[in-house]
Amino acid sequence: MNYEERLQNVTVLGAAGKMGSGILLLTAVEMADISFKPENQTKTYVLNAMDVSHEGLAGLLKYLKVQILKIAEKKTVLLRKIYADRTDLIENKDIIDQYVFDVINIVRPVTKLEAAYDSNLIFEAVSENKDLKVKLLSQIDSNNPNNPWYFTNTSSVPINVVEKEAGLEGRILGFHFYNPPAIQKLVELIVTDKTKKEVVEFAKTYAKNLRKIIVPSNDFAGFIGNGHFMRDSLHAITEAEALAKDVPFVEAVFMVNKVAQEYLVRPMGIFQLIDYVGIDVVQFIMKVMNAFVTDEELHSSLLDKMIELGVKGGQKSDGSQKDGFMKYEKGQPIAIFDPDKKEYIPISEFKDKCEKKLGPIPDSKISWKSIIRRPDKEVLLEDFFKTLKTKQTFGAELAVKYGKRSNEIGKKLVADNVANNENDVNTVMLTGFFHAYGPVNTFFD
Amino acid sequence: MKKLRKKVYMTAGYNTISLGTGRREFHPKKPRPGIEHYIKEAGQGTLKQIGGAKNVDEGAIGNFMAPRFNRQGNLPGFIPMIDDELQWKPCTSTEGACGSGALALMSGIKSVLAETADVVLTVGVEVQNTMKAIYGADVLAGAGWYQKRKNGHAYFFPGQFSERAGAYYEKYGMEYTRKGFRRWFRNAIENARLCPTAQEHENKVKDLDALYDKMKPNGKAFVDNLSVLDCSKVSDAASAIAIVSEEGLKRIGIPKEEAVEIVGWAQVERNITNDPPDLTELTTIKKAAKEAIESANITIHDLATIETHDCFSIAGILATEAIGFVKPGKGAEFVAQGNTARDGIIPMNTTGGLIGWGHPTGGTGVHQAVTIWEQLTGKAGEAQIEIPKDRPYGMTINMGGDDVTVVAIIYKRG
């Protein structure tokens, strides 16, 4: 079975989820592109969008329509060539609309697992629950005569565990997209000792066609991305908790978040990132990872407390941010949750006080947004952090300590053999988390 | 036939801003003024200078594709909206693609010559930021023959002129040609910076030549032989001007020195179902320019300035040849040497033209007339060029489609 034959019948499990919907979109476009080839025009391509939620699947189709339209508008020059023989399609609008239909026409929204019994390839993007994953994959595998291949999007469960428990010897690998899959360029590729060569070859071709950058990660819970993110979050939480002994909790969260975003020149503050991913998801990933690590404790009672109070973050089905550590208005944090008072306190009430305590930023002109696309960003960052290190302000101290810890986490991922080298760690943070620089650097020495 | 039997003047020009990418007021996702706003602002801008709507006998409005960009036809009905006193007066609209504006001017000129009007309020308008460029390209493709659309480029008109540019590259060399394009682009932006209504007025790029060199044509994303810097802007704008007889001037109380006299014109049409006879020549413009110059009984060397239809840089280069300043193939060099810059032998498009000021397709012809009126009467503000005493003439060339509907008009300081 060659690459194109393998993609003739595919199922995405958890297709209505945040990750599943992106994987479904990219796969649908890839399958459509294959189906347009002259030699494939008589074949039928099937992409099962499997999810237990009817509501979710309805939302998925809306999402697909909007996204495919955007894709079509960007590649109309090419599409006019693809549809050159269709004399009924004349204007760009005709062609774009037809393309949107043709891609969606590959997708079969389904709620029953049986749909996957005919597939050659199964993407798994259900919730981060090992037992659920094992149950679904083994059920498919015992009913599917095609000996299908399984790509799991897990960001925390070791692949060899699923492989073994579901009995999928050699036919599974970790294909970990970053959120949102349609935009983020990074895929972490995780193989087990048994994964067959042809499965890996297929995965590489598929990633290349989707224009993704592959970083190999070894099969340790959390892999590279969450390996860094979870420990980085714990550092921030610990710092905030320590600070909260002297200042109100909301101020501590505000300051650590601000330091992570503005002093460390990141795309968003760390608590904002935790909210973006979902406090419940972060808590869950830590729990999964913690079961596999021996020399440290990946757990936060603060996260437990937030969940108990029903504060979870994450995103609404339209992609907007739910309230978590922070409350958001038009995507911007406007208040911070006080777990004792059980209410959000407006940032405007303590912003000035906190900023005074942190002291001035070394160079207010340097921000993530202002430098991310500049070719000379390394030089700018070097200067910025050099100045930062000379400042005696509280903000600078917090930032340098934070930067050092991030560096330490990155190096430990290599020492622990999660990543093959420092460069892979940096690539993951640059492309998967959109950082302006990798955690393994010399800025904070 | 072309000998004018009566004097015709233009005066009291007005331009709205040209809104679109480049202007700080422009936000693609925020609501913007509709076509009514532009017609009203431009119309009232002219009425204020001519003593109000009571002095107007007739209205003419040029527009290309409001039925698709704005889902609006029957544009003559918007002229009485400008001012209550225009209610019940004769109004007409003209359409000849991007040459619609000059057709409205011709309609006004002919009404004055026919003595059916002494004062014609003429407006040109287009509001085209109502859709994304990829769909706007469908609408603008209507300036070509519909039966050619299927095999045309996604960006149909850039595709047509890319072919012209490609043919010119092949004949005279790509690098040579692009030096001319680069200077054309630089002139356009530098001139636009001097005009507060221009779309590129706030362009702050320091090294325009370097920017131009960086933007190489990319056929995969756009067209083979042109980059976006070779293209005119997508614009929302309107312009208005009064076309009047000698009696009309008296009625509105404007002295001749503040008006321009129309001393010649040519209106030339090419069969839209044919391909251009020569991709490296703007044949229709060549005929129109020659005819207009002859009808004014002057030579091109009597012209102090020209507004030419540079929907694409290649059209600017080809125009210098078609008008007759240089032989075929020498236009790129002529422009690269700065001869069409504001301090050159023949300043062209002194407020930025279609690439710098903007290109509200059906409104452009009227905008060109307003610019010439401003320059010849000393009202161009910072963009003012010197008009030599012995060369008191200006010319506009407005083109619809790929060298299909062309109007050339010769103006003289009144």
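In this predicted model, helix α6(B) is followed by G173(B), a residue with a positive phi near 105 degrees. Let's look at the helix that comes before this glycine, and then at the chain around it.

**Helix α6**
- Helix α6 of chain B runs over residues 156–172, 17 residues in total.
- From first C-alpha to last, α6(B) reaches 24 Å, close to the 24 Å expected at 1.5 Å a residue.
- Its buried residues include the aromatics F156(B), F157(B), F161(B), Y168(B) and Y169(B).
- Also among the buried residues of α6(B) are P158(B), G159(B), S162(B), R164(B), A165(B) and G166(B).

**Neighbours of α6**
- Which elements do the buried residues of α6(B) pack against? They pack against the helices α5 (133–140), α7 (174–192), α11 (313–323) and α12 (331–336), and also against strand β8 (393–400), in chain B.

**The fold as a whole**
- Chain B holds 14 helices and nine strands.
- The radius of gyration of chain B is 20 Å, close to the 22 Å from the globule rule for 414 residues, so chain B is as compact as a globular protein of that length.
- The C-alpha trace of chain B spans about 55 × 50 × 45 Å along its principal axes.
- Of the contacts in chain B with a separation of 6 or more, 78% come from residues 24 or more positions apart.

**Surface and charge**
- Buried residues make up 62% of the 414 in chain B.
- Chain B exposes about 16200 Å², with 51% supplied by carbon and sulfur atoms.
- There are 50 positive and 48 negative side chains in chain B, and the centres of the two sets are 2 Å apart.

Methods
Residues numbered from 1 in each chain as written. Chains lettered and ligands numbered in written order. Predicted model: local features only at pLDDT ≥ 70, side-chain atom pairs only at ≥ 80, totals over all residues. Heavy atoms only, no water. Helix = DSSP H or I, 4+ residues; strand = E, 2+ residues; numbered from the N terminus. Rg over C-alpha atoms; globule rule 2.2 N^0.38 Å. Buried < 20%, exposed > 50% of the residue type's maximum accessible area, 1.4 Å probe, protein only. Contact = heavy atoms within 4.5 Å. Areas by Shrake-Rupley, 256 points an atom, 1.4 Å probe, with all protein chains shown as cover. Lys, Arg positive; Asp, Glu negative; His and termini not counted. Charge placed at Lys NZ, Arg CZ, Asp CG, Glu CD. Expected span 1.5 Å × (residues − 1).
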